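Hello,

Here is the structure we talked about. Please open it first, then read my notes below.

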Amino acid sequence: MPYFVDSDLSPWNMDPALLEEALDALARAGRVPKAAIVVDLYGQSAHWAPIRRACERYGVPIVEDAAEALGASYGDRPVGGFGRYGVFSFNGNKIITTSGGGMLVSGDREGIAHARKLATQARDPAPHYEHSEIGYNYRMSNVLAAIGRGQLRVLPARVEARRRVFQWYRELLGDLPGLEFMPEASYGRSTRWLTCVLIDPGEFGATREEVRLALEAANIESRPVWKPMHLQPVFTGCRTVGGEVSEELFEEGLCLPSGSSLSESDIERITGIIREVWRKRGGS
Ligand SMILES: Cc1ncc(COP(=O)(O)O)c(C=O)c1O
């Protein structure tokens, strides 16, 4: 049964104080969770020091979901290694890709050996097929793994390309009132996997959705930022601590086109449409 924890408005990642509050409430009810799943969102590391302190205090193992943040760092350490387990995604939309699949990392050798067993149909050591637990077929083919190893070499260049895309957006939109970029936390370095903005309709003169539709009319795909988990119909009735911050991010947040191969003229075209929406609503 999940228990959701709200985001912190400055880095948009899990709020460590609310996590502590949730763990405290659960511990007092005698229901310490099996794990805390913490995401490094949109290419930016979570704030690991206080999150780890809170989880250690209650003996809760961390699963770090670094699917969106390969190449980012917290202090001088790369993301993915802050929990007992870390996960990465190599899905087609990620900063490097093997077309599908991902990677589990851990210093827990026994845990990794068990994960490997579960991922390969949970075969017990026997000459025939023997199963003492339920397994899965989560293997990555060696062809895709080879592509992934090749892709790893271009990771630093991809991070620079994403950060450059962000920089172009900031240069071209940074003066618009009511449009704010996702902040980069001082504790680390973001990859800017996605460039995300908040659009305050009162100040900007148009809603996030109006901007998204104007882009769509020009055949440019953008997306609202992720819908908070506690608002997903499938999790109706699950408990949440906080929730207002992620709701506000969802209400006003837009992920702009952020691919590593976008050129400066692509960004000029996209930002031209956004400026036009603003201008038509009275901006000058
Ligand atoms: C935070 C996060 N976790 C997990 C996933 C799922 O990864 P995959 O598509 O490789 O299963 C994604 C997106 O794809 C993600 O953004």
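Beyond the four places on either side in sequence, S260 is in contact with R158, A161 and R162. One of these contacts is polar: the side chains of S260 and R162 come to 2.9 Å. Please keep in mind that this is a predicted model.

Where does S260 sit? Its place is in the loop that runs between strand 13 (253-256) and helix 9 (264-280). L152 and S260 are 108 residues apart in sequence, and their C-alpha atoms are separated by 14 Å.

Now the ligand. Which residues surround the ligand? They are V39, D65, A67, E68, S89, N91, K94 and G101. By class, that shell holds two nonpolar, three polar and three charged residues.

- D65: an N or O atom of its side chain is 2.6 Å from a nitrogen atom of the ligand.
- E68: a polar side-chain atom lies 2.5 Å from an oxygen atom of the ligand.
- K94: an N or O atom of its side chain is 2.6 Å from an oxygen atom of the ligand.

How much of the ligand does the protein bury? On its own, the ligand exposes 390 Å², and the protein buries 58% of that.

I would start with the S260 and R162 pair at 2.9 Å, then turn to D65, E68 and K94 around the ligand.

Best wishes

How values were computed
Residues are numbered from 1 along each chain as its sequence is written. This is a predicted model: local features need pLDDT of at least 70, side-chain atom pairs count only at pLDDT 80 or more; totals for chains, interfaces and linings use all residues. Side-chain values use heavy atoms; hydrogens and water are left out. A residue is near a molecule or strand if one of its heavy atoms lies within 4 Å of it. A polar contact is a pair of N or O atoms within 3.5 Å; within protein, one must be able to donate a hydrogen and the other to accept it, and residues adjacent in sequence count only if both atoms are side-chain atoms. Accessible areas come from the Shrake-Rupley method with a 1.4 Å probe; for residues, only the protein chains shown count as cover. Ala, Val, Leu, Ile, Met, Phe, Trp, Tyr, Cys and Pro count as nonpolar, Asp, Glu, Lys and Arg as charged, and the others, Gly among them, as polar. Helices (H or I, at least four residues) and strands (E, at least two) are DSSP runs, numbered from the N terminus. Contact means heavy atoms within 4.5 Å.
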